[in-house]
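Biologist: Please take a close look at the side-chain contacts in this model. I would like the charged pairs first, then the rings, then the surface.

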Amino acid sequence: MVSYISKRIVQTAVVLLGISLVTFLLLQVVPGDPVALMLDRRADPATIAAVRHQLGLDLPLPQQYLNFVNGVIHLDLGNSYFTKAPVFASLFRAFQVTLKLASLSFLFAIVLGISCGMIAALYRGKWLDSSLMTLSIIGVSAPSFWIAIILQIIFGLKLNLLPISGFDTPIAYILPSIALGTRYAGSIARITRTSMLDVIKQDYIRTARAKGAKRRAVIIHHALKNAMIPIITLVGTELGNMLTGSMLIEKVFSIPGIGKLAVDSMSNRDLPLLEGTVMYIALVFVVVNLLVDISYAFIDPRIRYGKGAAS
Amino acid sequence: MKNEALLEVKNLRTYFHTEAGLVKSVDGVSFRVEKGKTLGIVGESGCGKSITSLSIMQLVETPPGKIEGGEILFEGENLLNKTEDEMREIRGKKIAMIFQEPMTSLNPVYTIGKQITEALLLHEKISKHEAKARALEMLKLVRIPLPEKRFNEYPHQLSGGMRQRVMIAMSLSCNPQLLICDEPTTALDVTIQAQILELINELKEKTGSSVIMITHDLGVISEVADDVMVMYAGKVVEQASTDEIFENPLHPYTVGLMNCIPKLNSDVDTLPTIKGMVPSFDNMPKGCAFCPRCSMAKKICEQKAPELVDVDGRKVRCFRYTKEWKEEA
Ligand SMILES: Nc1ncnc2c1ncn2[C@@H]1O[C@H](COP(=O)(O)OP(=O)(O)OP(=O)(O)O)[C@@H](O)[C@H]1O
Ligand SMILES: [Mg+2]
């Protein structure tokens, strides 16, 4: 177990290093000289050169890369060209907002998704199953901003129950969390159903029943744990998507999260902010993947002990 | 004089309602299992052996399957009249079952120990600690080396033969009166197969429980069974004691199965097989189900389905032992 986890952590570090290199190189080839963009059009070459020197852009590329990595390690991602604020601070502020939104919608999506999927599997072929699956299809295919607007109209404008924008009170997060989580709830429900139906057919489920275990106990103890393996894969990707911010939902509800930051950095050609955002997104996915792999190991002893290790 | 019956199945019918039509997997099967005796059930793949045993446990998947009729008398009580809660008390406690696939019959995410103690904790009023002691005792009984270590291991860490031993330990942990073994050795290689059969036999002697041994291999039957029931396409085609069957098989299908047993010291490279295939349920012949593959078939076999008839105290479903056969000449 420990060796499995430490191996995965080392792999993760290597992947992150690779991503930092790719990010760095990609942004080198983005058209447009950032310094020229920063300064006035009429800035004289001497000023441009001075600024380039100040930003370290006149150094050889490998040196620039090392400086960049060094900065990342020290949580120093430079300052925004546009607002002049430190990139790390802006990212961190946006992250806190996105984290709240993501955790709420994640909770909403897994609780609703897993329970609907299990109920559908247990009532396979019955009307409850078909209605839940129809709902899940609608959830998966309806655009999240559309759901957002519908929710705003019903709960905000018509019923006047919940705020339709902002992010300072906890209840302001309710509508955006539902709007963001619906799609994920739908896909989690579908995979839970498929995975449960697959597991219920397995021989060990029959063995458990033959021992005299209650049907409900068999589902909860024997089936669900096995069925979790494919569910976790999906849930991991979705958590990654949520933590990297939803540009649309943040726009519709005026939430200043990572999604908004990403849009801003692109439209302003704010290179340090863009680099920082890309690194953040990469980090989230890599870390979530690591967590997914570690949870596999907790659930499945075949992974924990390495496959086919019959001793 | 007959011994006391532990289990008596009368005219059991279990059908599957599939999209392709009605599948009569078990179609009017009757048999009895005496106390302390072993009944062997033989037949080719798909003849209804597993569904017969799952019907006794009432673990047939419903839908598509359904027990349509008959009686399953266990200690004189009809199991078909029991509620699900009453059946749960019987499953694992009074009737236990071992399945064909040791590789997939144990839950991959729980330890061997947890899976054995689960049965004990369900049926006996004992503490976790006592259950563990009992489970370790069972692991020793089925001769698993290093039981303390195995107790905390997962199924994937054990070989197929070891897993089947675990299955046996698990099923015998509550001292069931009846043990149903559904092809317990089919997935194992020959030497392991012999060991497992020997173990089942030995434990049966020790505990005095009855056994239903399901197999498609008459060789297995000859080693363990007191009585034999031969099934074909959901029906019983022959019933007799093991000695009688091996001495003098009556049904042409039984004769065919006998010829398929490999004999030591024989020079032939290939084993004889019964030619043709089991008819599928949507394509069942009007007459005897075995008729298309039978070398002795006469006209009557194509026209009418034979009944199970008594021949010198044995039962066989074949026209050769009826008046009609002699009349047709
Ligand atoms: N879930 C099911 N749906 C439809 N038909 C089924 C189902 N389960 C079993 N059957 C049918 O019941 C018949 C008997 O199956 P059963 O599993 O009892 O055969 P078997 O004698 O145990 O064969 P094997 O030696 O392969 O285990 C088969 O022909 C099969 O078509
Ligand atoms: Mg079978």
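Modeller: In this predicted model, the side chains of B:Glu77 and B:Lys82 meet in a salt bridge, with N to O at 2.4 Å. B:Glu77 has a relative accessible area of 44%, so this residue is partly exposed. Another charged group spans both chain letters: salt bridges that share partners join A:Arg209, B:Glu84 and B:Arg91 into one network. Over all chains, the count comes to 24 salt bridges.

Two further bridges are in chain A. The side chains of A:Arg193 and A:Asp129 meet at 2.8 Å, N to O. A:Arg193 lies in helix H8 (residues 174-200) of chain A and A:Asp129 in helix H6 (residues 127-141) of chain A, so this pair ties together parts that are 64 residues apart in sequence.

A:Arg302 counts as partly exposed because its relative accessibility is 30%.

Now the rings. A pair of aromatic rings is described by the distance of the centres and the angle of the planes. There are eight aromatic pairs over all chains. In one of them, A:Phe95 and A:Tyr280 have ring centres 5.7 Å apart and planes at 70 degrees, so the pair is edge-to-face. The cut-off behind that label is an angle over 60 degrees. A:Phe95 lies in helix H5 (residues 87-122) of chain A, and A:Tyr280 in helix H13 (residues 271-299) of chain A, so the contact ties together parts that are 185 residues apart in sequence. A:Phe95 is partly exposed because its relative accessibility is 24%.

B:Tyr232 has a relative accessible area of 3%, so it is buried. B:Tyr253 is buried as well, with a value of 0%.

Back in chain A, the pair of A:Phe95 and A:Tyr280 belongs to a group: A:Phe88, A:Phe92, A:Phe95 and A:Tyr280 form one aromatic cluster. Helix H5 of chain A also holds A:Ser105. A:Ser105 has a relative accessible area of 0%, so the residue is buried. The C-alpha atoms of A:Ser105 and A:Glu275 are separated by 27 Å, and the two residues are 170 residues apart along the chain.

Last, the surface. Which residues form a negative surface patch? They are B:Asp243, B:Glu244, B:Glu247 and B:Asp312. B:Glu247 is found in helix H9 (residues 242-247) of chain B. Its relative accessibility is 71%, so B:Glu247 counts as exposed; the cut-off for that class is over 50%.

Terms used
Residues are numbered from 1 along each chain as its sequence is written. Chains are lettered from A and ligands numbered from 1 in the order in which they are written. This is a predicted model: local features need pLDDT of at least 70, side-chain atom pairs count only at pLDDT 80 or more; totals for chains, interfaces and linings use all residues. Side-chain values use heavy atoms; hydrogens and water are left out. Patches are made of residues with over 30% relative accessible area and no salt bridge: like charges are joined within 9 Å, nonpolar side chains (Val, Leu, Ile, Met, Phe, Trp, Tyr) within 5 Å. Accessible areas come from the Shrake-Rupley method with a 1.4 Å probe; for residues, only the protein chains shown count as cover. A salt bridge is a side-chain nitrogen of Lys or Arg within 4 Å of a carboxyl oxygen of Asp or Glu. Lys and Arg count as positive and Asp and Glu as negative; His and the chain ends are not counted. The place of a charge is taken as NZ of Lys, CZ of Arg, CG of Asp or CD of Glu. Helices (H or I, at least four residues) and strands (E, at least two) are DSSP runs, numbered from the N terminus. Buried means under 20% relative accessible area, exposed over 50%, partly exposed in between (1.4 Å probe, protein chains only). Rings of Phe, Tyr and Trp (its six-membered ring) pair if their centres lie within 6.5 Å; planes under 30 degrees apart count as stacked, over 60 as edge-to-face and the rest as tilted.
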